[in-house]
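Me: I have a structure to go through with you. Take a look and I'll ask as we go.

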Amino acid sequence: MKRHLTVAEIEQYVTRSGSVDEIIAIAEHLEACFECRDRAVAIVDPGTTAHELRQPELPRERRWTLTTGVVVTCIAVVVIVIAILVFVIGKR
Ligand SMILES: [Zn+2]
């Protein structure tokens, strides 16, 4: 198999739904090709593999941004409270 695998072929391999020859051909390609193995992993387990080209990764990216925003906001609030306390204590 000279060309790269299609998503359908990877799914066929994952679900073992093709013929034995097809499964073997796909397995041999996956063994030799990092790129398709990466895509296969992303299809099997979309939650743990970062891959910019895959659409299902986008909501995860947004959640991460939201979490980062909340953390940064919390840190900013703490810093402001400390600054106010230092200012008030310094005034005495
Ligand atoms: Zn490939």
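Me: At what angle do helix 1 and helix 3 pack, and how far apart are their axes?
Reply: The angle is about 65°, with the axes 10 Å apart. Axes are lines fitted to C-alpha atoms over the stretch in contact, and angles run from 0 to 180 degrees between N-to-C directions. This is a predicted model: local features need pLDDT of at least 70, side-chain atom pairs count only at pLDDT 80 or more, and totals for chains, interfaces and linings use all residues. Residues are numbered from 1 along each chain as its sequence is written.

Me: Which residues meet there?
Reply: Val7, Ile10, Glu11 and Val14 in helix 1 meet Cys36, Arg39, Ala40, Ile43 and Val44 in helix 3. Contact means C-beta atoms, placed from the backbone, within 7 Å.

Me: Which residues of helix 3 are buried?
Reply: Cys36, Arg39, Ala40 and Ala42. Buried means 20 or more other C-beta atoms within 10 Å of a residue's own, with C-beta atoms placed from the backbone.

Me: What do they pack against?
Reply: Helix 1 (7-15) and helix 2 (20-32).

Me: Changing topic, how many helices and strands are there?
Reply: Four helices and zero strands. These are DSSP runs numbered from the N terminus: helices are H or I, at least four residues, and strands E, at least two.

Me: Which element has the lowest mean pLDDT?
Reply: Helix 4 (residues 57-91), at 82, while helix 2 has the highest, 93. pLDDT is the predictor's confidence in each residue, from 0 to 100.

Conventions:
A residue is buried if 20 or more other C-beta atoms lie within 10 Å of its own, exposed if 12 or fewer, and partly exposed in between; C-beta atoms are placed from the backbone. Two residues are in contact if their C-beta atoms, placed from the backbone, lie within 7 Å.
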